[in-house]
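Please keep the structure in view while reading the points below.

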Amino acid sequence: MSAVWLCVIVVGLATIAVKAGGPVLAAGRELPQSAGRVVDLLAPALLAALVATQAFASDEALVLDERAAGLLAGGAAILLRAPLLVVVLVAAATAAGLRAVS
Amino acid sequence: MLPLMPAIVAFGASFGVLATAAGVDSLAALVMSATTFAGSAQFAVVSVLGAGGTAAAAIGAAVLLNARYAPMALAASGAFRGGPLRRLLEAQLLVDESWALSSRDGGFDRKLLLGAGGILYVGWNAGTAIGVLAGDSLTDPATLGLDAAFPALFLALLAPLIRARGEDRVGAGDGARGEDRVGAGDGARGEGSSPRSADRTALAAAVMGAGIALALTPITPAGVPVIAATAACLVGLTRPRRAAAPHRLAEEASS
C-alpha cells in the first residue's frame, strides 16, 4: 500500500472514531453538573483558540499579516451588531484589498 | 450557512489543487475529503507528504489536529439521535463551523448542526472535485481574503457567548443576583433557558483559550495549541457551588 493510501485510510478511520466516540458512548447519559459546566465552556475556549490560530498562526510561527487586519475589521462589524454574513464579507474584503495593494 | 458555501467550495478546491500538486492521486484526494471531512487535517497530510515526510509523520499531524473533535463531539452529543450506527454517521457532520453555528446557550441545535454539516459536506467534496479536475488554473483563496473569513466567523460566533451576560449585568444591577442567574442557567442546561450562563466565566475561558493557543503555537506541532486550549474550560470548576445550586433550588421549590 502506498503512503498516500495508508494516510487516507488511517486518518479517515481515526477521524471517524474521534468524532463518533463521545456521541456513541455518552448516548442517553446525562453529564454530572460540574462536567456540564466545563463542557459548556468548551465553546468559548475552542472558538477563541480557533480565532487566534487561524488569524495569527502560520505553520508553527506567529505572524501578523492581512488576516489580522481582516479580523480587526470583522471585529468592528461585530461591535456594530452587523449580521454574520456582513462580518465575514468585511473580513475577507479587507484582507483581499490589502493584498491587492501590497 | 449558505452564504459560506463559496468559501467552503473554494477551500475544498484548494485542497484538491494542493493534493494533486503534492502527488496525491485524484481518487485518494476525493476519498479523503469524503471520509475524513476535516480541512486542517487533510491539508496537513498533503503538506507533510508533499514535503517528503513519512506516512507516520503525516498521520501523526492529522490525528493531533483532529483530536479537538473528541471534546467537541462529546459536548454536542445531545444533538445526535438513534442507535450507535446512526449516531456515528450523524457525528461525522461535526466540523468546526457546524459545531460553532449550532452551539446554543449550553446546548446544541440538532437541525442546525446536521443542516450546516450536510451543506458543508457537499461543498467540501464538490470543491475537492473541482480542485482535482482544475488543477493550478484556480485562484488562490487567499487572494480573495477567504482565509481571513474564518477567524472572523469564529469571532462572530464567540461574541454572543460573552456578550449575553454583559447586557444582563446592566439590568441586574448587583453581582449577587447575576451569580444566581449563572446557577439557574446551569440547572436548565440545554432547555434554551440559559442565555446568561456564559458571561465572565465564558470571557475568562475565551481569553485563556486564545492565550494558551498563541503561547503554544511557536513551540508545539500544529493542532496541539487548539487542543491544549480546551484546558481553559476548567475555569468552570472554579464555581462548583453555583453549579450545584440549581438542584437544591429545584428541590426546595418542589417541596
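1. Contact first. Two residues are in contact if their C-beta atoms, placed from the backbone, lie within 7 Å. On that rule, the contact between the chains takes 67 residues from chain A and 91 residues from chain B. This is a predicted model. It scores ipTM 0.86 and pTM 0.68.

2. The side of chain A that touches chain B. Six elements of chain A each supply at least two residues: α1 (3-25), α2 (33-40), α3 (42-56), β2 (61-62), α4 (66-79) and α5 (84-101). The largest share, 19 residues, comes from α1(A). By type, the residues on this side divide into 46 nonpolar, 13 polar and 8 charged.

3. Helix α5(A). This helix has 18 residues. From its first C-alpha to its last, α5(A) reaches 26 Å, close to the 26 Å expected at 1.5 Å a residue. Its buried residues are A:V87, A:V88, A:V90, A:A91, A:A92, A:T94, A:A95 and A:A96.

4. A:R81 lies between α4 and α5 of chain A. Its phi is positive, near 60°, and it is not a glycine. Is A:R81 buried or exposed? A:R81 counts as exposed, because it has 10 C-beta neighbours inside 10 Å and the limit for exposed is 12 or fewer.

5. B:F37 has a phi of about 45°, although it is not a glycine. B:F37 sits in the loop between α2 and α3 (39-50) of chain B. B:F37 counts as buried, because it has 22 C-beta neighbours inside 10 Å and 20 or more are needed.

6. Helix α8(B). It covers residues 110-134, 25 residues in total. The helix reaches 35 Å from its first C-alpha to its last, close to the 36 Å expected at 1.5 Å a residue. Its buried residues are B:L113, B:A116, B:G117, B:L120, B:G123, B:W124, B:G127, B:T128, B:G131 and B:V132. An α-helix has 3.6 residues a turn, so residues three or four places apart point the same way. What covers the buried residues of α8(B) includes α1 (5-21), α2 (26-35), α7 (96-102) and β2 (107-108) of chain B. After the helix comes B:G135, with a positive phi near 65°.

7. B:A76 lies in the loop between α5 (69-75) and α6 (84-91) of chain B. B:A76 is buried, because 28 other C-beta atoms lie within 10 Å. Which residues does B:A76 contact, leaving aside its neighbours within four places in sequence? They are B:L94, B:W99, B:F108 and B:L113. B:L113 is also among the buried residues of α8(B). B:A76 and B:L113 are 37 residues apart in sequence, yet 9.0 Å apart in space, C-alpha to C-alpha.

8. Confidence in chain B. The mean pLDDT is 77, and 76% of residues reach 70 or more. Over residues 165-198 of chain B, pLDDT stays under 50; the model has 58 contacts beyond four places in sequence for them. Residues 240-255 of chain B also stay under 50, with 18 such contacts. Where pLDDT is low, the predicted coordinates should not be read in detail.

Definitions and conventions: Residues numbered from 1 in each chain as written. Chains lettered and ligands numbered in written order. Predicted model: local features only at pLDDT ≥ 70, side-chain atom pairs only at ≥ 80, totals over all residues. Helix = DSSP H or I, 4+ residues; strand = E, 2+ residues; numbered from the N terminus. Nonpolar A, V, L, I, M, F, W, Y, C, P; charged D, E, K, R; others polar. Expected span 1.5 Å × (residues − 1). pLDDT = per-residue confidence, 0-100.
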